[in-house]
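Please view the sequence and the structure together before reading on.

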Amino acid sequence: MQSETRPRVLVVEDETAIREGVVTALADEGCVVEGRADGSTLSADLTGFRPDLVVLDVMLPGRDGLELAGDVRRAGDAGIVVLTARDAVPDRLAGFAAGADDYLVKPFAMAELVARVRAVLNRRGRWPGAVEVGDLVVDEPAGTATRAGARLDLTATELRLLGYLVGNRGRTVSKTQILTQVWGYGDYDPNLVEVHVSALRRKLEAHGDRLVHTVRGLGYTVRT
């Protein structure tokens with residue numbers, strides 16, 4: 001994704017580990033992300049940072065996330081994903097009544113949060129569709145990828161893997177990052193990544209030069 005089209009996400013969460021984890025996961029997905037421990041700077045962030053989506057914890061010091069969601073909704077059309085430890089139906093309804101687009105209960109899998117954020121951004125037209133790298137065109141929402149005009153016969157996992165790699169083109173991503181973002185976990189056999197990258201390379205290189213490069217000891221990067 002080019003910098004001008006990267007979605008902007010504001011994460012307001014007082015638990016440092018959760019906040020930093022969410023910021024890292026969304027940045028790895030290609031978003032421009034800012035993290036805040038409370039909502040004290042929300043008004044300034046809405047006008048200065050101008051997020052496309054706000055991830056809001058409900059239980060925050062000072063004003064809670066539901067109050068802040070009202071501010072976000074009144075200020076513009078940014079998407080809202082609410083995080084909370086409360087999973088009772090009235091709590092969920094309160095979140096949606098405050099203007100939330102989606103609601104995620106703690107503890108949650110980071111891959112699920114990323115998927116929900118992406119889905120909200122997609123529905124709002126804030127997630128870029130087709131991504132081009134040289135003669136490669138990847139359109140994950142449409143489920144297609146072409147190279148030099150030829151349709152690539154990719155599995156669903158290979159398409160997700162390719163989408164993640166091209167979304168981070170120019171950066172080196174580790175096997176753990178790939179496992180977390182593509183498969184949803186980070187403690188599985190890294191050989192799984194190698195096998196899928198090798199299969200993906202064969203299909204890509206049937207139509208041109210190498211695009212997916214190995215950075216020894218670090219991971220993989222996409223460059224023409």
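This is a predicted model: local features need pLDDT of at least 70, side-chain atom pairs count only at pLDDT 80 or more; totals for chains, interfaces and linings use all residues.

Which helix supplies the largest share of the lining of the largest cavity? The answer is α6, with 4 residues.

## The cavity

Rolling a probe the size of a water molecule over the atoms shows where empty space is left. In this model the count comes to 1 cavity of 30 Å³ or more. The volume of the largest cavity is about 120 Å³. Its lining comprises 14 residues, of which Arg118, Trp127, Val131, Glu140 and Gly163 are the closest to the centre.

By class, 7 residues of this lining are nonpolar, 4 are polar and 3 are charged.

## The largest pocket

The largest pocket holds about 210 Å³ of space. Three helices each supply at least two residues of its lining: α5 (110-123), α6 (156-167) and α7 (175-183). The largest share comes from α5, with 4 residues.

Among the residues that line the pocket are Glu29, Ala111, Val114, Ala115, Arg118 and Glu140. The lining also includes Arg160, Gly163, Tyr164, Thr180, Gln181 and Val182. Sorted by class, the lining has 5 nonpolar, 3 polar and 4 charged residues.

## Packing of α6 with α7

Two packed helices are described by the angle between their axes and the distance between the axes. For α6 and α7, the angle is about 125° and the axes are 10 Å apart. At that angle, α6 is oblique to α7. Their crossing is right-handed.

On the α6 side, the contact is made by Thr157, Arg160, Leu161, Tyr164 and Leu165. On the α7 side, Gln177, Ile178, Gln181, Val182 and Trp183 take part. The residues of this contact divide into 6 nonpolar, 3 polar and 1 charged.

## Packing of α6 with α8

Helix α6 also packs with helix α8, which spans residues 191-205. Here the angle is about 85°, and the axes are 10 Å apart. The angle therefore makes α6 roughly perpendicular to α8.

In this contact, Thr157, Glu158, Leu161, Leu162 and Leu165 of α6 meet His196, Val197, Ala199, Leu200, Lys203 and Leu204 of α8. The contact has 7 nonpolar, 2 polar and 2 charged residues.

Terms used
Residues are numbered from 1 along each chain as its sequence is written. Side-chain values use heavy atoms; hydrogens and water are left out. On a 1 Å grid over the protein atoms alone, a cavity is a set of points where a 1.4 Å probe fits but cannot get out, and a pocket is an open set with protein on both sides within 12 Å along at least five of seven lines; lining residues have an atom within 4 Å of a point. Grid points are joined across faces, edges and corners, and a volume is the space filled by probe spheres set on the points. Ala, Val, Leu, Ile, Met, Phe, Trp, Tyr, Cys and Pro count as nonpolar, Asp, Glu, Lys and Arg as charged, and the others, Gly among them, as polar. Axes are lines fitted to C-alpha atoms, for helices over the stretch in contact, and angles run from 0 to 180 degrees between N-to-C directions. Angles under 35 degrees count as roughly parallel, over 145 as roughly antiparallel, 65 to 115 as roughly perpendicular and the rest as oblique. A crossing is left-handed if the near helix is turned anticlockwise from the far one by less than a right angle, and right-handed if clockwise. Contact means heavy atoms within 4.5 Å.
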